[in-house]
Amino acid sequence: MEVRIGFGVTKWWLAALTVALAAMVSCSPEPARNFPPDNTEVRLDSTNLPIVWIEVGGDSIMRSERIEARMKIIHNGEGHLNYADTAAHPGQRVDYEGLIALRHRGNSTYNDSPKKPYSFRTLQEPLKRGGKKQKVSILGMPKDNNWALLAPYADKSMIRDMLALEIARPWMEFTPLGRHCELIVDGTYYGVYVLTEVVSKGKNRLNLGKPGSQGDALTGGYLMEVDNVDEVTYVSKYHPVDSNGKPFEDCIIHFQYKEPDPEDLRPEQRQYIEHQIDLMEAALASPGYRDPVNGYRRYLDMMSFIDYQLVMEVSHNVDAYRLSGKFFKRRDSVDPRFKMVVWDANMAFGNYRAREGWRTDTWMYRSNDVMRQEGEDYLIPFWWQRLNEDPAYTAALRQRWAEYRRTNLSDERLMATVDSLATVLTSHGAEQRNSQAWPRWGVWVWNNYYVGSNYADEISFLKSWLNKRIAWMDRQLGYHP
């Protein structure tokens, strides 16, 4: 077994050294800017979205560690406006007000986007006194202390993440809840964000419990993630494969430890969860992997993997399976099999011109060939191609797709979901304010495939793309509306 630190550490260290040297030669360090929008003069008067204020008092919001901040959320309920001028509009409902531990989050959404996402923990006491966390309900979501503010930027519709979660919600064991909001940081309007639950332990989330050191307690709960090497990782013993099953022997699959945190994992716990991953992969790679008793189904929940695959495929997510690929395991006495969780779909639904992300007529689980040709090092584990070579798996996949199409993925329901999410952002000007703060229509943003002229044009493109994608999947999976 092998544990590696990400290759990005060297670059990070050099960047940190450069910043430190610059600070040493500067007589008057530049004050924190905290990545303000292009236009800092946008003013928010009233909105149908919750208003979130974060006050850091000019301190720099870090990515590597949390700083203390204050948060206040005004939300007067559905059908009521929320007002930024609380003095002129007293008596508004304060949904949350208190201390938080705040940092930036994300990988590509942080590195490649000027609009930065955040992670925050709700606190009972200041960080200098220990920073004890406090579980609270925010915007009607169940109590917890671990939250995120996603920052839709390259996704010009600002609804792709939420759309993927809504597609998954009726089927997956846990799917995060989220709400669009408008954010103000130290008095500056930062635009439309998504305040959301994160994939984490907690009785209102995955409810994994804390693993013990022996017996049944040792067997759960764990949350792992197929991702890059920006954190401590465990390395798969199997390479990703091309569309013909030939391994890319110079590519490695990395698993990050999410729950418990790597520094909290005891040696016996680390050894256990790594061994379980080894067993699952060995079962998938074995000649008898289709055996319903001793094959892969002994180690993974087939239906959970099918649901994950269908959400990733209908969205044609270029990050699917290989980045933010979250999977978890409960104690054996509850369920000994690995299960999947949906997360991160901003580069989905035709929103990426590289790696054929724009297409509607290919399977993402077979996209390693294209990814490799374009120089991508983080590829899809061999699991997914192997699963789709099992007639029992594909039969269940086809049946499940028919269930999706008869319910929340019917043409009418899907278009209504898109309209509902979009209307929330347009009905009282939130999208327009965000576009003023972050002007981006008609210009290339990141790696977008489609560059529209306005928001209505973007939603029209999204609907058209979805109709083509759904029709192609219907043909491939034998569903006839």
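Asp186 is placed in the loop between S11 and S12, where helices (H or I, at least four residues) and strands (E, at least two) are DSSP runs numbered from the N terminus. The model is a predicted one, in which local features need pLDDT of at least 70 and side-chain atom pairs count only at pLDDT 80 or more, while totals for chains, interfaces and linings use all residues. Residues are numbered from 1 along each chain as its sequence is written, and side-chain values use heavy atoms, with hydrogens and water left out.

The phi angle of Asp186 is near 50 degrees, which is a positive value in a residue other than glycine. With a relative accessibility of 29%, Asp186 counts as partly exposed; buried means under 20% relative accessible area and exposed over 50%, with partly exposed in between, for a 1.4 Å probe and protein chains only. The turn that holds Asp186 belongs to a hairpin formed by S11 and S12, with two residues between the strands.

Strand S11 (residues 178–185) and S12 run antiparallel and are joined by eight bridges, and two strands pair if DSSP finds at least two bridges between them. Along this pairing, Gly178 has Thr196 as its bridge partner in S12, and Cys181 stands opposite Tyr193 in S12. S11 also pairs with strand S3 (residues 51–55), here in the parallel sense and over four bridges, with Val52 opposite Leu183 in S11. On its other pairing, S12 is joined by four bridges to strand S10 (residues 146–150), and these two run antiparallel; Trp147 stands opposite Glu197 in S12.

In S11, seven of the eight residues are buried. In strand S12 (residues 188–197), nine of the 10 residues are buried, so this strand is largely enclosed by the rest of the structure.

A charge sits over a ring if NZ of Lys or CZ of Arg is within 6 Å of the ring centre and within 35 degrees of the ring normal. Lys116 lies over the face of Tyr110, at 4.6 Å from the ring centre.

A further lysine, Lys326, is found in strand S16 (residues 325–329), and this residue is buried, with a relative accessible area of 8%. The side chains of Lys326 and Glu225 are joined by a polar contact of 2.3 Å, a polar contact being a pair of N or O atoms within 3.5 Å, where within protein one must be able to donate a hydrogen and the other to accept it, and residues adjacent in sequence count only if both atoms are side-chain atoms. When residues up to four places away in sequence are not counted, Lys326 touches several residues, among them Val199, Leu223, Met340 and Trp343; contact means heavy atoms within 4.5 Å.

Aromatic rings form another part of the picture, for the structure holds 23 aromatic pairs. The rings of Phe349 and Trp465 have centres 6.3 Å apart and planes at 80 degrees, so this pair is edge-to-face. Rings of Phe, Tyr and Trp (its six-membered ring) pair if their centres lie within 6.5 Å, and planes under 30 degrees apart count as stacked, over 60 as edge-to-face and the rest as tilted. Phe349 lies in the loop between strand S17 (339–341) and helix H7 (368–373), and Trp465 lies in helix H12 (residues 455–477), so the pair ties together parts that are 116 residues apart in sequence. Both Phe349 and Trp465 are buried. Elsewhere, one aromatic cluster is formed by residues including Tyr234, Phe255, Phe305, Trp383 and Trp384.

The loop between S17 and H7 also holds Asp344, whose phi is near 75 degrees, a positive value in a residue other than glycine. Asp344 is partly exposed, with a relative accessible area of 21%.

The bond from Gly220 to Gly221 is cis, with omega near 0 degrees, and Gly221 lies in the loop between helix H4 (215–218) and strand S13 (222–227). Glu259 and Pro260 are likewise joined by a cis peptide bond, with omega about -10 degrees, and Pro260 lies in the loop between strand S15 (254–259) and helix H5 (267–285).
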